[in-house]
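Dear colleague,

Please find below the structure that I am handing over to you.

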Amino acid sequence: MSEEIMDYAEAMASFDPVLGLEVHVELNTATKMFCGCVNQFGSAPNSNTCPVCLGLPGALPAVNAKAIESAIRIGLALNCEISGWCRFARKNYFYPDMTKNFQTSQYDEPIAFDGYVELEVEGEPFRIPIERAHMEEDAGKLVHVGGATGRIQGADYSLVDYNRAGTPLIEIVTKPVYGTGAKAPQVAKAYVAFLRDMLRDLGVSDVRMEQGSLRCDANVSLMPKGASELGIRSETKNVNSLRSIEQALNYEIRRQAAILASGGKVKQETRHWHEEGYTSPGRSKETAEDYRYFPEPDLVPIAPSREWVDELRATIPSPPDVRRQELQARWGFSELELRDAVNAGALGVIEATVAQGCPPQAARKWWLTELARRANEAHLELDELPITPAQVAELQQLVQAGTINDTIARKVIDAVLAGEGDPAQLVETRQLATVSDDDALSDAVERAIAQNADAAQKIRDGKVQAVGALIGAVMRESKGKADAAKVRELIMARLG
Amino acid sequence: MALSITEVARLGALARISLTDAELEHLAPQLDLILEAVAEVAKVADPDIPPTSHALPLVNVFREDEVRPSLTNAQVLSAAPAVEDERFRVPRILGEEE
Ligand SMILES: [Zn+2]
């Protein structure tokens, strides 16, 4: 299946990789780009469609103002110029995922152009030049039936769902990225991670790679060391996780190096990434002329005023790394704590929980331990868990006030996740509050001492660590509701 | 203006229309005539007159981001030649490798 590849270090000794990255982002607007159909993932097939997004004759598109606003904000966050006047165009092609036989897209007049992104990989700074960010619409979704594996070849027929057709998309295209050297695959991954965080901070997209709301096409070509002419590139399509971006580029670099080193020529083509760790050739690239672009006659030009752009500029959050540093300082997290929170995608939920009055360290603890474990088990992102930052803050308040201990808190989390109510109300109705009443606890302590005479004797002899057995007994008897610190105090007062 | 047979064949292929050599011979000059007629416009074009893509001098015609009802699934699929699993069923897609 896979082709010959060269050792990575060996490839790097002879060649310099040049990257080009195209990222498609689905906007999270309430409606589609050109019609009022709801913009939603996971609905019943063809239930979010209308004459416009089905391309029925005579239907006329109407531009979603919010999508334009999001496009401009994305452009600004990418340090781009915002066009003073631009149009949509028709990109003509015939394929069943597009009913109109053209995609409404921007062509030579993108809404945003000439920007850059700055990022760091292992302490080394890189600047990624941005060519453009333009608006377009997504296509429908095909399912291939028959054949071996639901793939198009060998299929007997295909089924089309147009719910996704007309979803607002922004395509962000880099200029050729030089000078990344052996770090090219890591830089590409860091760039897409940067975009993901930035778009999430802007609040313009769900940026879920696994659901396709953030998709990356990764181009790479190789230049012999010391050369200045670009090599022929391959384009690996829809590499849909950060890890795959790094792996696919690593593979493509090694594959191209093997071809070039043996005197061959790299073919300009689209390739597909397979999670087993290799790419395979797809269709050879249609040239731009084949799409016969022309200005969309059904939509008038877009001319954002300077005032509007300035207004939107004021809504752009700091770049993710700057924001992280601010949060780290404000929350007093260590480098490691911050990195863990970033990797878990927990910054947003921690911030929201802190905003509800929860101490930052406690918010971090809940989201990165108990809740992260449950999210993992359920294959959900933290912010998809059916518990709100406000509920987490409420839970922490109960713990801090000594009303419940950590064991009970975990039970409360389970109940909240099961949709059974809010923490305070659950503690109240289920009588989960910690028993710290001296009389009740003293009785339990007496019983524990009587039933664990050995442990009790050890404590009397000064072997204080034996206290654990007694505390355990009391906790068991109270079904976890006893205040452990209080129990310890009582035992030590009695035996110590 | 001369539209070549090769160009017409290429356009036919892009439009997924298969044309015989005889049809190409027949259609190319006709298309050429149509283009020539449209090209008349170029005669009145002046460097002072900017090309336009729209009849009305409007910009920024936007719609608020408010959900409107979609069609029902039954309405959507009512005109489809074939339906399966609430989806449009289309013939095998040829000429594309994955
Ligand atoms: Zn629609």
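This is a predicted model: local features need pLDDT of at least 70, side-chain atom pairs count only at pLDDT 80 or more; totals for chains, interfaces and linings use all residues.

**Salt bridges**

Over all chains, the structure holds 44 salt bridges.

Lys225(A) is paired with Asp16(A), and their closest N and O atoms are 2.9 Å apart.

Lys100(A) forms a salt bridge with Glu137(A), with the closest N and O atoms 2.5 Å apart. The lysine is in the loop between strands E4 (89-92) and E5 (102-105) of chain A and the glutamate is in strand E7 (residues 124-137), so this pair ties together parts 37 residues apart in sequence. Lys100(A) is partly exposed, with 22% relative accessibility, while Glu137(A) is buried, with 5%.

In the salt bridge between Arg430(A) and Glu420(A), the closest N and O atoms are 3.0 Å apart. Arg430(A) lies in the loop between helices H13 (423-429) and H14 (438-451) of chain A, and Glu420(A) lies in the loop between helix H12 (406-417) and H13; the two are 10 residues apart. Arg430(A) is partly exposed at 41% relative accessible area, as is Glu420(A) at 38%.

There is also a network of salt bridges that links Glu3(A), Glu252(A), Arg255(A), Lys267(A), Glu269(A) and Arg271(A). Arg255(A), one of its members, is located in helix H4 (residues 242-261) of chain A. Its relative accessibility is 3%, so Arg255(A) counts as buried. The C-alpha atoms of Arg255(A) and Ala11(A) are 9.2 Å apart, although 244 residues separate the two in sequence.

**A buried aspartate in chain B**

Asp32(B) belongs to helix H2 (residues 21-44) of chain B. This residue is buried but has no salt bridge, and the nearest side chain of opposite charge, that of Lys43(B), is 14 Å away. A polar atom of the Asp32(B) side chain does lie 3.0 Å from the backbone nitrogen of Leu3(B).

**Aromatic rings**

Seven aromatic pairs are found over all chains. One of them, Tyr291(A) with Tyr293(A), is edge-to-face, with 6.1 Å from centre to centre and 70° between the planes. Tyr291(A) is buried, at 16% relative accessible area, whereas Tyr293(A) is partly exposed, at 22%. The pair of Trp331(A) and Phe333(A) is tilted, because the ring centres are 5.2 Å apart and the planes stand at 50°. Trp331(A) and Phe333(A) are both buried. Tyr291(A) and Tyr293(A) also form one aromatic cluster together with Tyr93(A) and Tyr107(A).

Charged side chains lie over rings as well. Lys365(A) is over the face of Trp366(A), 4.3 Å from the ring centre. Arg89(B) is over the face of Tyr157(A), 3.5 Å from the ring centre.

**Helix H7 of chain A**

In helix H7 (residues 335-343) of chain A, the buried residues are Glu337(A), Leu338(A), Ala341(A) and Val342(A). They span an arc of only 135° around the axis, and therefore lie on the same side of H7(A). The exposed residues Glu335(A) and Asn343(A) are carried on the face turned away from that buried side.

With kind regards

Key: Residues are numbered from 1 along each chain as its sequence is written. Chains are lettered from A and ligands numbered from 1 in the order in which they are written. Side-chain values use heavy atoms; hydrogens and water are left out. Helices (H or I, at least four residues) and strands (E, at least two) are DSSP runs, numbered from the N terminus. Buried means under 20% relative accessible area, exposed over 50%, partly exposed in between (1.4 Å probe, protein chains only). Lys and Arg count as positive and Asp and Glu as negative; His and the chain ends are not counted. A salt bridge is a side-chain nitrogen of Lys or Arg within 4 Å of a carboxyl oxygen of Asp or Glu. A polar contact is a pair of N or O atoms within 3.5 Å; within protein, one must be able to donate a hydrogen and the other to accept it, and residues adjacent in sequence count only if both atoms are side-chain atoms. Rings of Phe, Tyr and Trp (its six-membered ring) pair if their centres lie within 6.5 Å; planes under 30 degrees apart count as stacked, over 60 as edge-to-face and the rest as tilted. A charge sits over a ring if NZ of Lys or CZ of Arg is within 6 Å of the ring centre and within 35 degrees of the ring normal. The arc is that of the directions from the helix axis to the C-beta atoms.
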